[in-house]
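I set out to record what can be looked up in this structure, entry by entry. I begin with the confidence of the coordinates and then turn to the fold.

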Amino acid sequence: FAIAAIIGDAAPPALPIFGMVQYDNGANTPMSNTMVMLYEQQNVVAQTTTDGGGIFDFGAIAPGSYTIRAMTNKMWGGVNATDALAIARSFTGAAPLAGIRFDAADVNASETVNATDALQVARRFTNQINSFALGDWVFKADGFSHTSTQPSMVNVKALAVGDVNGSYVPGNFRRLPLVSVQEEETVQVSDAGIWITAQVMQAIE
C-alpha cells in the first residue's frame, strides 16, 4: 500500500525584538521605568517596561512590519534660554536641528519649527506657561525590519520637549497627579504604591 503525506508550509520562526531607551544627551542616560509599545499598523501587539538600564524585551515576535513607541511619567526638565536660542537659529537656518532634536523643537505640534516654538520655550522657562501642545516627552526609534533570520535590536532615543541641546539628565523622579484641595480637607495621592497624604488647615494664597 502507499502512504501519502501532505506537509504544509511551516510558519517562519518568531524571534526576539529588544533594545534600549536612552536620553539623547552626552551620557546617553538610560530611561528606566519607561513604557515601550510595539505596533503593527495601529494595533499594539506587545508592550513592556524598561529596566533600570533602559533595556526592554518584547520576547519572540513573528516576522512582520512593526513600529515602536514609548512614553514615560518622568519629570520634564532641562529647558532654558539656550534651547530657545537654538530653536530660533534653526528657524533662520543658522544651525538647523535634525532628527529627534527637531521633533523636540516643535513644541506647539505644528510639524514645523519656527519663532513661535522659540517663544513658547522661553515662556515656559520663565514660568509664564506650564505645558506644551506637544506634551513633555518625545521618543524616536531606529527603523528596523523584523525578519525570520535574526533577532531585532532597536535603539530608542528620548528627549524632554524643548531640550534641543540635550542638557537634561533624567532621574527616577516621577510626576504625581495634580489634585485640587479645599480648606480643611485631607487627600491621598498614589502612584505605583507610593502614598502621599496632605491636609490643608487654612486657605493658601
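This is a predicted model: local features need pLDDT of at least 70, side-chain atom pairs count only at pLDDT 80 or more; totals for chains, interfaces and linings use all residues.

**Entry 1. Confidence.** For the protein I noted a mean pLDDT of 87, with 79% of the residues reaching 70 or more.

**Entry 2. Overall composition.** I counted three helices and nine strands in the secondary structure. Read from the N terminus on, the elements run β-β-β-β-β-α-α-α-β-β-β-β. The protein has 205 residues, of which 34% are buried. I then looked up how far apart in sequence the contacting residues lie: among contacts between residues at least 6 apart, 62% join residues at least 24 apart.

**Entry 3. The sheet of four strands.** I asked which order the strands take in the four-stranded sheet. The order is S4-S1-S7-S6, in an open sheet with mixed pairing. Strand S4 (55–61) and strand S6 (137–141) stand at the edges with a single partner strand each, so one side of each has no neighbour in the sheet. The twist from one strand to the next averages 20°.

I went through the pairs in turn.

- Strand S1 (residues 15–23) runs antiparallel to S4, and five bridges join the two. Within this pair, Pro-16 stands opposite Ala-60 of S4.
- S1 and S7 pair in the parallel sense over seven bridges. Here Gln-22 stands opposite Lys-157 in S7.
- S6 and S7 run antiparallel and are joined by five bridges. Val-138 has Leu-159 in S7 as its bridge partner.

**Entry 4. The sheet of three strands.** I found another open sheet, of three strands in the order S3-S2-S5, with antiparallel pairing. Its edge strands are S3 (43–49) and S5 (67–71), each of which pairs on one side only. The twist here averages 25° from one strand to the next. Strand S2 (residues 35–40) pairs with S3 in the antiparallel sense over six bridges, and Met-35 stands opposite Thr-49 in S3.

**Entry 5. Helix packing.** I examined how helix H1 (residues 81–92) lies against helix H3 (residues 115–125): they pack at an angle of about 175°, with their axes 8 Å apart. That angle makes H1 roughly antiparallel to H3. From H1, the contact is made by Ala-81, Asp-83, Ala-84, Ile-87, Ala-88 and Phe-91. From H3, the contributing residues are Ala-115, Asp-117, Ala-118, Val-121, Ala-122 and Phe-125.

**Entry 6. The nonpolar core.** Which residues touch the most other members of the largest nonpolar core? They are Phe-58 and Ile-68, in a core of 37 residues. Strand S7 (residues 152–160) supplies the largest share of this core, five residues. I listed the contacts of Phe-58, not counting residues up to four places away in sequence: Ile-17, Val-36, Met-37, Leu-38, Ala-46, Gln-47, Thr-48 and Ile-68. As general background, nonpolar side chains tend to be buried together in soluble globular proteins.

**Entry 7. Asp-24.** I located Asp-24 in the loop between S1 and S2. Is Asp-24 buried or exposed? Its relative accessibility is 16%, and the limit for buried is under 20%, so Asp-24 counts as buried. Leaving aside neighbours within four places in sequence, Asp-24 is in contact with Ile-100, Arg-101, Lys-157, Ala-158, Leu-159 and Gly-166.

**Entry 8. Ala-60.** I returned to Ala-60, which lies in the edge strand S4. Ala-60 has 54% relative accessibility and therefore counts as exposed, the limit being over 50%. Beyond its neighbours within four places in sequence, Ala-60 is in contact with Ala-14, Leu-15 and Pro-16; Pro-16 is also the residue that stands opposite Ala-60 in the pairing of S1 with S4. Lastly, I looked up the separation of Ala-60 and Pro-151: they are 91 residues apart in sequence, and their C-alpha atoms are 8.5 Å apart in space.

Methods:
Residues are numbered from 1 along each chain as its sequence is written. Side-chain values use heavy atoms; hydrogens and water are left out. Two strands pair if DSSP finds at least two bridges between them. Axes are lines fitted to C-alpha atoms, for helices over the stretch in contact, and angles run from 0 to 180 degrees between N-to-C directions. A nonpolar core is a set of buried Ala, Val, Leu, Ile, Met, Phe, Trp, Tyr and Cys residues joined through side-chain atoms within 4.5 Å. Buried means under 20% relative accessible area, exposed over 50%, partly exposed in between (1.4 Å probe, protein chains only). Contact means heavy atoms within 4.5 Å. pLDDT is the predictor's confidence in each residue, from 0 to 100. Angles under 35 degrees count as roughly parallel, over 145 as roughly antiparallel, 65 to 115 as roughly perpendicular and the rest as oblique.
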